Amino acid sequence: MSVAAWLGTGAVSSATSGRADDGLTGEKHIALNVMRTDGTWSWPATLAHDGEHQGVGIPEEMLQHRRAREWRGPVLSHEELVALSDEVFKFARSLNKKRRQGAAEPRWGGRLRIVSADAESPVLLGPDSRGHDSSGSQSRQGRRVESPRMALAPLRFCFDYLSPYAYLAWTRMPALAARHGRRVEPVPVLLAGVLNATGNIGPAEVPAKRGYIFKHTFRIAHELGVPFGPPPSHPFVPLLPLRVTAAVDDLDARSRLVSALFAQVWGGGHGAETPEQVAVAIQAAGLDAPSLLAAAQRQDIKDRVRRNTDEAIAAGAFGVPTVIADGELFFGLDSLGHLELFLRGEDPLKSEFLERWKNLPATASRR
């Protein structure tokens, strides 16, 4: 594997924007800074291009590390990516605060070795680094680490545990979000409330469709390589698992709980309708079952699920799963590919075509 190809295998750990100089006009413009990581090193996504076209060298220590790993790509969980990204962001905020105060700059003591390429040579930061560039000369400690001025918004994943499609989409969301420097915000909503508000009915309420859906989702689960089995009953009352989920404020902990509850419902067929069933999932997520089950009975938590549902409806949701990305709505498991295009800035849908569709007259209606 070439150096450039290996650099491209790094997982996206962060994506921030800020002002940069245009090389041709000298004017300021908004630039996106994407960082990749393998869990040990972190580097700009542009490093491969800069190395090939601008003569920026790859640090020898980094190459030695990759040779020792036999050029294998990174294998990082979503939780590991989030932890590493948060570590860098906290240091960047501290660094800029000290600079504004004119105080001594803090030393980077995080786990990652950070590579920031400039026009001449890369700058290294890391637990064993003294801020030297590749030529051995002293460089300013932390000079290329910038705080995020405009953090990318999380992807709001609106779901109900009733939906097998929501379960299957959830198994793909953490990796999808990480590829684009995003976080996932799981938002529990009541599907029945969404359906009632939009004059819709659930797929399982159509007898001919109900049987097909289970076959369809089973086949998709097989393709994705994820465990799949129907719950003891369906439809069931999902209020307790939804409220328990809404009671968890920390996004990482909430994501673990969502994974555990979905596994309890669709990954093994044990169900998550009774307090005993839900408690098993809470404990599997490493959380306190008695306190969360008690919180689910509070009016403010019940209101939170209702508010989540109302906000999803106001955003245009008519079913689950629905992902809201930068104000754009993506419905269903089969829309995740379209979501990826949108996040890459390659959405083929143009505003003029959308306006034409919105203003298209109807010449027939079904009674």
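Me: Where does Pro321 lie?
Reply: Pro321 sits in the loop between α12 and β8, where helices (H or I, at least four residues) and strands (E, at least two) are DSSP runs numbered from the N terminus. The model is a predicted one, in which local features need pLDDT of at least 70 and side-chain atom pairs count only at pLDDT 80 or more, while totals for chains, interfaces and linings use all residues. Residues are numbered from 1 along each chain as its sequence is written, and side-chain values use heavy atoms, with hydrogens and water left out.

Me: Which kind of peptide bond joins Val320 and Pro321, cis or trans?
Reply: The bond between Val320 and Pro321 is cis, with omega at about 0°. A cis peptide bond also joins His234 and Pro235, again with omega of about 0°, and Pro235 belongs to the loop between α7 (207-224) and α8 (239-246). As background, most peptide bonds are trans, and most residues other than glycine have a negative phi.

Me: What is the phi of Asp326, then, positive or negative?
Reply: Asp326 has a positive phi of about 50° although it is not a glycine. Asp326 is in the turn of the hairpin that β8 and β9 form, with 2 residues between the strands.

Me: How do β8 and β9 pair?
Reply: Strand β8 (residues 322-325) and strand β9 (residues 328-331) are antiparallel and share 4 bridges, and two strands are taken to pair if DSSP finds at least two bridges between them. Ala325 stands opposite Glu328 in β9.

Me: What sheet do the strands form, and in which order?
Reply: It is an open sheet of 4 strands with mixed pairing, in the order β7-β6-β8-β9. At the edges are β7 (184-188) and β9, each of which pairs on one side only, and the twist from one strand to the next averages 25°. Axes here are lines fitted to C-alpha atoms, for helices over the stretch in contact, with angles from 0 to 180 degrees between N-to-C directions.

Me: How many bridges hold β6 and β8?
Reply: Strand β6 (residues 155-159) and β8 pair in the antiparallel sense over 3 bridges, and Val323 in β8 is the bridge partner of Phe157.

Me: What lies across β6, β8 and β9?
Reply: Helix α13 (residues 336-343) does, running at about 5° to β8, with contact meaning heavy atoms within 4.5 Å.

Me: Changing topic, how many aromatic pairs are there in the whole structure?
Reply: The search finds 12, a pair being rings of Phe, Tyr and Trp (its six-membered ring) with centres within 6.5 Å, called stacked when the planes are under 30 degrees apart, edge-to-face when over 60, and tilted for the rest. The rings of Phe157 and Trp170 are 5.4 Å apart at their centres with planes at 50°, so this pair is tilted. Phe157 lies in strand β6 and Trp170 in helix α5 (residues 164-179), so the pair ties together parts 13 residues apart in sequence.

Me: And salt bridges, how many?
Reply: There are 10 across the whole structure, defined as a side-chain nitrogen of Lys or Arg within 4 Å of a carboxyl oxygen of Asp or Glu. Arg156 and Glu311 make a salt bridge at 3.7 Å, N to O. Because Arg156 lies in strand β6 and Glu311 in helix α12 (residues 299-314), the pair ties together parts 155 residues apart in sequence.
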